[in-house]
Amino acid sequence: MPETTPKGLTRLAFGGDYNPEQWPESVWQEDVRLMREAGVTMVSVGIFSWALLEPEPGVYDFGWLDRLLDLLHAHGIRADLGTPTVAPPAWFYRAHPEALPVTADGTRYEFGSRGAICHSNADYRAAAANITTRLAERYGTHPALALWHVFNEYGVPVSACYCDNCAAHFRRWLTRTYKTVDGVNEAWGTAFWGQRYATLGQINPPRLTPTAVNPAQALDYTRFADATMRENFVAERDILHRLAPGIPVTTNFMAALSQCESVDYWAWGREVDLVTNDHYLITDGRRTHVNLAMAADLTRSVAGGAPWLLLEHSTSGVNWQPRNPAKAPGQMARNALSHVARGSDGAMFFQWRQSRRGAEKFHSAMLPHGGTETRVWREVVQLGSSVEELGQIRGTRTQADVAVVWDWQSWWAQKLEWRPSEDHDARERADAFYEALYDRHLTVDFAHPEADLSAYPLVVVPALYLMTEAAGRNLQRYVEQGGTLVVSYFSGIVDEHDAVHEGAYPGALRDVLGLTVEEFSPLLADQRVRITGPDGSELTGDVWTEFVVPRGAETVWTYAEGLTADHPAVTRHRLGEGTAWYVSTRLDAHGLDALLGWATEDARIAPRAELPYDVEVVRREGESGGFLFVINHSASDVKVPLGAAGTELLTGEPAAGDLAVPAGAVRVLRLDG
């Protein structure tokens with residue numbers, strides 16, 4: 001089995017992307033001195049260095065990288081060494097312009113940015129394999145090497161290309177997937193609109209069309225594009241495994257739903273030796289720490305619950321959003337340690353030294369333009385000291401309370417054209433349900449629809465438009481065996497080919513929910529609908545309503561107005577040893593909290609009302625013991641009841657009873673016993 005932790009790294013990873021090629025070598029000595037001062041244990045290098053390593057075809061210059069890795073090793077700093085295949089040199093594109101990707105409307109991108117790659121291009125694949133081989137042969141046994149870092153952020157900014165090479169590759173993928181053209185016709189439902197193909201050679205990518213393209217074709221092309229990127233990763237990974245055994249191989253994910261939607265991370269998580277992630281706060285006025293927690297939980301889940309690694313985040317503001325505010329004092333450490341609480345074995349940044357040139361010169365860094373006399377630098381040094389104190393948590397696992405079912409392929413399918421309402425957004429529902437669980441102080445694992453769910457007393461399905469029959473059976477078995485399930489509207493509607501399941505909605509979920517849906521009735525913009533309970537209390541829904549017919553389920557809340565008046569809005573179905581809840585409208589935060597209150601009672605999850613708002617309490621456990629992270633995102637000092645005694649690792653103080661946590665502070669307890 002390949003190694004799954006960075007080789008030679010005995011502490012938590014702390015550092016960032018290091019791009020010394022942007023600076024004269026005279027600066028390097030100062031860099032490593034300051035890295036030691038800040039407590040840096042590992043840096044990522046070489047990610048964008050192909051043009052320097054191979055300045056001309058077949059001509060190599062490794063001298064600078066030799067000197068860099070030797071320098072890092074001499075100062076006890078490990079290297080996450082990149083294969084620079086995200087940015088082929090200008091000479092490559094001049095020789096192979098067809099390696100530049102083509103958009104669906106036929107526009108070919110030009111060189112001058114990053115990630116402009118047709119992943120089906122044979123010349124690119126050969127050149128990437130060559131530079132990867134050269135690096136593995138030269139550095140596979142270098143004493144500084146801890147981790148291989150293939151490419152950079154697959155899927156961002158380009159995942160799909162629509163050129164003729166991709167068309168031919170797509171046909172080969174269809175042959176492997178469906179065997180024959182008849183299999184494609186059946187899967188895509190090409191009898192509709194007269195789209196039937198006589199041969200596979202007639203099939204092209206879903207390029208620009210006068211109206212909606214075949215949705216099953218578009219869905220399969222998204223799968224193909226994702227699989228093609230993954231093929232290229234696997235090709236590089238296998239070279240590295242062969243030539244540099246014992247060194248784990250990764251690529252940096254962007255698992256947050258706010259950052260990348262074209263990659264099926266369930267599939268990618270099975271291919272990397274160590275799951276790593278990049279995360280950046282989306283400053284849209286929302287509670288950014290909730291999105292951070294969600295991204296960390298999702299990344300940990302992709303890793304199968306094992307420790308993972310935060311490979312990039314920012315020390316302060318970024319540069320690519322419409323407005324890029326600085327982080328408040330203490331926020332950098334709070335963000336970093338929130339990731340650690342939720343399973344990361346370290347906290348890395350983009351980047352070490354802030355660039356003077358290029359597109360990201362206003363992106364914050366560990367060492368800012370202002371140098372060591374800045375607040376950011378002082379906070380970096382303090383965080384490095386804190387990360388050092390937390391080394392004993394390395395290898396422990398975060399403990400979850402509940403599961404949220406999520407599937408990237410269902411998200412892709414729901415986002416296709418001509419759905420009942422453009423206002424129904426799968427990501428929005430996932431965010432909303434996650435935030436409601438977060439506010440109940442429940443730690444979340446995410447799960448694939450066909451995964452084993454038996455460990456969780458409560459499973460939530462915020463949006464699962466596409467659901468296989470196997471997934472439907474899995475959820476039904478979960479409830480029958482005693483689980484509590486909560487399902488939101490427009491779930492279970494189509495199969496893996498975007499074909500509506502036979503019979504009434506909600507297809508794959510009819511039996512477990514004990515109901516059918518005769519018709520969807522989406523609401524117009526700004527429309528609201530009241531729903532009432534048997535005690536006369538009221539909730540509010542918007543975006544969506546349905547004509548629900550109970551088939552064994554009991555009605556808990558009823559529509560009080562509109563087309564669906566007097567029809568069930570929220571139902572509860574007892575099945576076997578468990579219970580399945582269904583909500584057929586978009587509830588606001590108050591309504592979701594009420595719904596989850598009832599569901600957690602069914603699941604016998606004790607309420608945690610004693611915990612303050614915007615205070616996270618997350619537990620990691622392993623052979624080295626149990627650890628409790630308490631993170632105060634609020635502007636007020638709080639006291640948190642512990643229920644156990646321990647030692648606070650960042651201060652060295654004993655803790656028992658109520659733990660005082662100042663505003664914006666983090667406390668980490670090693671629990672006694």
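Which residues of helix α1 (residues 28-38) are buried?

1. Trp28, Asp31, Val32, Leu34, Met35 and Ala38 are the buried residues of α1. Buried means under 20% relative accessible area with a 1.4 Å probe, protein chains only. Down the axis of α1, these residues fall within an arc of 165 degrees, so they line one face; the arc is that of the directions from the helix axis to the C-beta atoms. Helices are DSSP runs of H or I, at least four residues, and strands are runs of E, at least two, numbered from the N terminus.

2. This is a predicted model: local features need pLDDT of at least 70, side-chain atom pairs pLDDT 80 or more, while totals for chains, interfaces and linings use all residues. Residues are numbered from 1 along each chain, and side-chain values use heavy atoms, without hydrogens or water.

3. The buried residues of α1 pack against β1 (13-17), β2 (42-45), α3 (63-74) and α12 (375-389). Contact means heavy atoms within 4.5 Å. Glycine 39 follows α1 with a positive phi, near 85 degrees.

4. The buried residues of α6 include Trp173 and Tyr178. They fall within an arc of 165 degrees seen down the axis, so they line one face of α6. They pack against α5 (122-139), α7 (181-188) and α8 (215-243). Just after α6, lysine 179 has a positive phi of about 75 degrees.

5. The largest nonpolar core has 176 residues. Such a core is a set of buried Ala, Val, Leu, Ile, Met, Phe, Trp, Tyr and Cys residues joined through side-chain atoms within 4.5 Å. Its largest share, eight residues, comes from α14 (residues 426-439). A second, separate core of 21 residues includes Trp173.

Note on methods
Buried means under 20% relative accessible area, exposed over 50%, partly exposed in between (1.4 Å probe, protein chains only).
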